[in-house]
Amino acid sequence: MITLGIESSCDETACAVLRNENELLSNIVATSLDKHKEFGGIVPEIASRETLKCIDAVYRKALEAAKIEQEEIDLIALTKGPGLIGSLLVGLSFGKALSYGLNIPFIGVSHLEAHLSGAFIDKKRPEAPFIGLVISGGHTSLVHSRDGRYVPIGATVDDAVGEAFDKVAKILGLGFPGGPIIDDLAKRGNPDAIKFTKPKLKNDFDFSYSGIKTAVLYYKKDLADWESRVNDICASFQKAAISWLVEKTMLACEKKKVGCVVVGGGVSANSLFREEIKKETKKRDYDLFLPELKFTNDNAAMIAKLGYEEFRRGRGSELNLGAVATMPLGE
Ligand code: KG4
Ligand code: ZN
């Protein structure tokens, strides 16, 4: 069975071809990121216009790379949300039109759930219950996966962790997106130079990242020679931000008596995060599913994978399916 995945929730326009459960035949991603950089963030109108311009070419490239004809596609899986409504609508309309034209089924899936599927694109989904952590520019969520569903157990109460990386980079004048830049500069800084206080929250599994961003802002204001301390600020910020993610995930495993962790989203590319989550899960003898670097950012392989899985469980979508800008991870 051949599944075509389509992803268009933000600045990426992506198509991927998956054969059966885990044979990825192609994975094409185009991004309009360069067109947003001068604005210091993603401009929704530019993103949707760029998606509209390139989606047909990305689709054709994905078929070509997979060495298949479009008549061989059996199922279309696309992102129904959450994300930028304009970009989502382009992918959704494109997928619906293909489904109608080729007379094949389509299925709309959650971008957040798909990020977790990104950790086992070319593997089998873990059968045992797991703790899922989605860390991206828009989301920071912990779920307990059991009995084939995702039960939410915690999320950020304000900024997402990726958003904090982006905002801190902006405060320090480093450029956009901030995650990879901070990751790089942190390697040359002292992670113990500044101590950031861990926010106290009612729910142990919730996160908060707006306080640490403000702390960086004040630290910079109070320090005349802050520019010479940028590497230390990056290293200290990163150490705190990442340690909260890892600590809460380990706590969730302990409290829910689960020995398996699945991670997804752009921030899972962070080198310190990858090192720490590997170390802490190994120490406890837990299984870890961490996406390969090429699957940490938005891509359509993860959409195809989740769409295939849901289709096999009997799900499908109707042509009146709409795009959804906000939706939580889990029920
Ligand atoms: O999953 P993603 O590509 O898009 C969303 O669905 O949001 O995640 C993008 C986010 C951005 O905030 C970016 O700064 C962050 O992931 N990111 C990183 C790294 N690479 C990307 N954050 C920390 N360290 C990185 N190496
Ligand atoms: Zn994403």
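Predicted model: local features only at pLDDT ≥ 70, side-chain atom pairs only at ≥ 80, totals over all residues.

Reader: What covers the buried residues of H5?

Author: The cover includes strand E6 (130-135), strand E7 (140-146) and helix H8 (230-256). Among the buried residues of H5 are Phe165, Val168 and Ile171.

Reader: What makes glutamate 45 and arginine 49 a salt bridge?

Author: The N to O distance is 2.7 Å, and the cut-off is 4 Å between a side-chain nitrogen of Lys or Arg and a carboxyl oxygen of Asp or Glu. The pair therefore qualifies as a salt bridge. Both residues lie in helix H2, four residues apart, about one turn of the helix.

Reader: Why is arginine 49 called exposed, and why is glutamate 45 called partly exposed?

Author: Exposed means over 50% relative accessible area, and buried means under 20%. Arginine 49 has 53%, so it counts as exposed. Glutamate 45 has 45%, which lies in between, so it counts as partly exposed.

Reader: How do you know whether glutamate 280 is buried or exposed?

Author: Its relative accessible area is 12%. The limit for buried is under 20%, so glutamate 280 is buried. Its salt-bridge partner is lysine 283, at 3.2 Å from N to O. Lysine 283 has 61%, over the 50% limit, and is therefore exposed.

Reader: Which residues do salt bridges with shared partners join into one network?

Author: Asp159, Glu163, Lys167 and Lys213.

Key. Residues numbered from 1 in each chain as written. Chains lettered and ligands numbered in written order. Heavy atoms only, no water. Buried < 20%, exposed > 50% of the residue type's maximum accessible area, 1.4 Å probe, protein only. Helix = DSSP H or I, 4+ residues; strand = E, 2+ residues; numbered from the N terminus. Contact = heavy atoms within 4.5 Å.
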